[in-house]
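This report describes selected elements of secondary structure and a number of individual residues. The sequence and the model are shown first.

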Amino acid sequence: MSKCRVAIIGAGAAGLCAARHILARPKTFASPVVYEQTEHVGGTWFYEDCVETSDSGRRFHSSMYRNLRTNLPKEVMMFPDLPFEVHLPSFLPHQDVQNYLERYCKHFEITPHIKEAGLIKLHVSQFTTAVAEVKPITMEMGGKTTQAWEVTSCDKYGTQNTDTFDSVMICTGHYSDPHIPPIPGLEYFKGKVMHSHSYRYPEPFAGQSVIVFGAGASGIDISIELQQAKAQVTLSHAKPMLTFPLPQGILQTPPLTRVLEDGRVQFLGGFLATAEVLIFCTGYNFRFPFLNPDELQLSIRDHLVAPLYRFILPPAFPSLFFIGVCKSICPFPHFHCQVQFALAVLDGEVNLPSQEEMEQEVQNFVDRKTALGVLERHLLRMESEQWSYYQSLADSGGFSPLPPVIQSLYEEVARQRKKHPQNYRNANYRLVTDTQWESFKKTH
C-alpha cells in the first residue's frame, strides 16, 4: 500500500507542526512537501524592518513590529511536545519565538527535510516558492476512483511545477491581507493612512497626532508605544469604554464614522478631530488566491471561511485541511490539536459523517451563534470555547488532550491583562503539574 502524500502550504508555526507530526508517522505518510514563499521558516514571527516588496517583487507578509512581546506566557504558548528554554522570561520578544520555531525544526528533524547545505531539496520542500493553484482531481487506482490534489507552484525565477498529492494542509495563517473597513470619505484624509501590518516602530510618529482605530491587542500595544514616543494618541474603537488604566495622554473615543471633505475625522456621536496619521488596527482578511472556492463548495469572505467541519475541513473535500483559521485562541496548542485530528482523518482513525451531516453540523453552529447575536465576522472567534473544542478533537482523534493547567494559566493571564495592560508581562510563571502552575520572581 502506497504511503499518503501530503502537501503543506506555509512554513510558519502551523506548517512546521504539520510537518513534525507527518514525519512522526513514517509507516503511513510519505515525507511532506512544504511550500514556503519566503526564504525562511517562522511565518509571521520572522521580523523584517522593511515593509516594501522583496527583490523578487513579492510583498513581505509579516505583521510583526519591532518591540512586540507575546501577550501569552511561554508556558501556555509552547507546543506541548517542546517547552521553551527555561531561562527565558514568560513573556517573550518576537525574536525568542522565532528562535524557538527554528529549534523546533531541529529537535524534530524537520530542518533536513526543508533545506540542506544551502540547497533546496525539490522533492521535499520549496523555499521562495509560491503556490499558484490547488485543484481537486480524481484518479483511478486499483479500479477505484480516489480524490487527489494537483498543486501548481511558481518559484522566484518564474519556473512553474505541478505535483500530485493525496491531501493538502493550508497553513498560511491570516495575517497577510490587512482589513481596512469602508470609511466614507477616507480619500479626503490629508495625512498618512496605514494599517498596523505596516507598523514597525514608534519613533517616526514622535510629536504627531495619531488616531489608532481598533482596540484589540495590537491597537492597545501600538497606542501605548506611540504615547511613550511622545505622539498625541487617540484610541478610537467600538467597544465599551476600556476601564483598565491606560497611560495619560491616550484619549479614548467612539469609532470613527467618516472623514469630511476638509480632512477632519468624525466619530460616532458627531465629535470632530484632526490628525496627521490614521492607523487601522482592524484585523486581517482571509485570502487564499490559489483556491477556487466555488469548485470546493466554500464561501471565503473577509472574516469567514465556511463551511468547515470542526473548523478544519470542507465537507465536500475532506482531504483538504485549513489549519489555524480560528481566532482568539492559544495558537501553537491549537495547531497541535488540529493537525493530529487531520492526520487521524487521513489514516482512517476518524470516521467522518456524511457530507450532508457535516454541513448540517456547521449550519447548526452558525444558527446557534447568530441567535446569540454573534456577528458573521466573529463566528471564528473561539475564546472560552476553545478548550472543549481541543478536548473533542483529542477524543475523536485518539491523541492526548491538552493538560488542564494550560487553560487555567491562560485564563489567569487574561484576567491580569485586563487589570494591568502595561505591566502584566512583568510576571513569570512555571508549570508545576498538569493541573497546577505558580508565579515567581526571576532573580536575573
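## Basis of the description

The model is predicted: local features need pLDDT of at least 70, side-chain atom pairs count only at pLDDT 80 or more, and totals for chains, interfaces and linings use all residues. Residues are numbered from 1 along each chain as its sequence is written, and side-chain values use heavy atoms, with hydrogens and water left out.

Helices (H or I, at least four residues) and strands (E, at least two) are DSSP runs, numbered from the N terminus. Two strands pair if DSSP finds at least two bridges between them.

Strand β6 (residues 129–141) runs antiparallel to strand β7 (residues 144–155), and 12 bridges join them. Within this pairing, Val134 has Val151 of β7 as its bridge partner. The two strands form a hairpin with two residues between them, and Gly142 in the turn has a positive phi of about 60 degrees.

Strand β7 also pairs with strand β8 (residues 160–165), again in the antiparallel sense, over six bridges. Here Val151 stands opposite Asp163 of β8. Four residues separate the strands of this hairpin, where Gly158 takes a positive phi near 90 degrees.

An open sheet is formed by five strands with parallel pairing, in the order β10-β17-β11-β12-β13. Its edges are β10 (192–195) and β13 (250–253); each has a single partner strand, so one side of each is left without a neighbour in the sheet. From one strand to the next the twist averages 20 degrees; axes are lines fitted to C-alpha atoms, for helices over the stretch in contact, and angles run from 0 to 180 degrees between N-to-C directions.

Within the sheet, strand β11 (residues 209–213) and strand β17 (residues 277–280) pair in the parallel sense over four bridges, with Leu278 of β17 as the bridge partner of Ile211. Helix α5 (residues 217–228) packs on the sheet and touches β11, β12 (232–236), β13 and β17. The direction of α5 makes about 165 degrees with that of β12. Contact means heavy atoms within 4.5 Å.

Buried residues (under 20% relative accessible area, against over 50% for exposed and partly exposed in between, with a 1.4 Å probe and protein chains only) in α8 are Gln386, Trp387, Tyr389, Tyr390, Leu393, Ala394 and Gly397. They cover an arc of only 160 degrees around the axis, which puts them on the same side of α8; the arc is that of the directions from the helix axis to the C-beta atoms. The face turned away from the buried side of α8 carries the exposed residues Ser388 and Asp395. The cover of the buried residues includes α6 (331–346) and α9 (404–419).

In α9, the buried residues include Val405, Ile406, Leu409, Tyr410, Glu412 and Val413. An arc of only 165 degrees around the axis contains them, which puts them on the same side of α9. Elements covering them include α2 (74–77), α8, β21 (428–431) and β22 (437–440). Glu412 has a relative accessible area of 15%, and a polar contact of 3.0 Å joins its side chain to that of Gln416. A polar contact is a pair of N or O atoms within 3.5 Å; within protein, one must be able to donate a hydrogen and the other to accept it, and residues adjacent in sequence count only if both atoms are side-chain atoms.

## Individual loop residues

Pro255 lies in the loop between β13 and β14 (256–259) and is buried, with a relative accessible area of 18%. Leaving aside neighbours within four places in sequence, Pro255 is in contact with Phe213, Ser236, His237, Ala238, Phe267 and Leu268.

Glu109, in the loop between α3 (94–107) and α4 (111–114), has a positive phi of about 55 degrees although it is not a glycine. At 55% relative accessibility, Glu109 counts as exposed. Lys230, in the loop between α5 and β12, has a positive phi near 75 degrees and counts as exposed at 61% relative accessibility.
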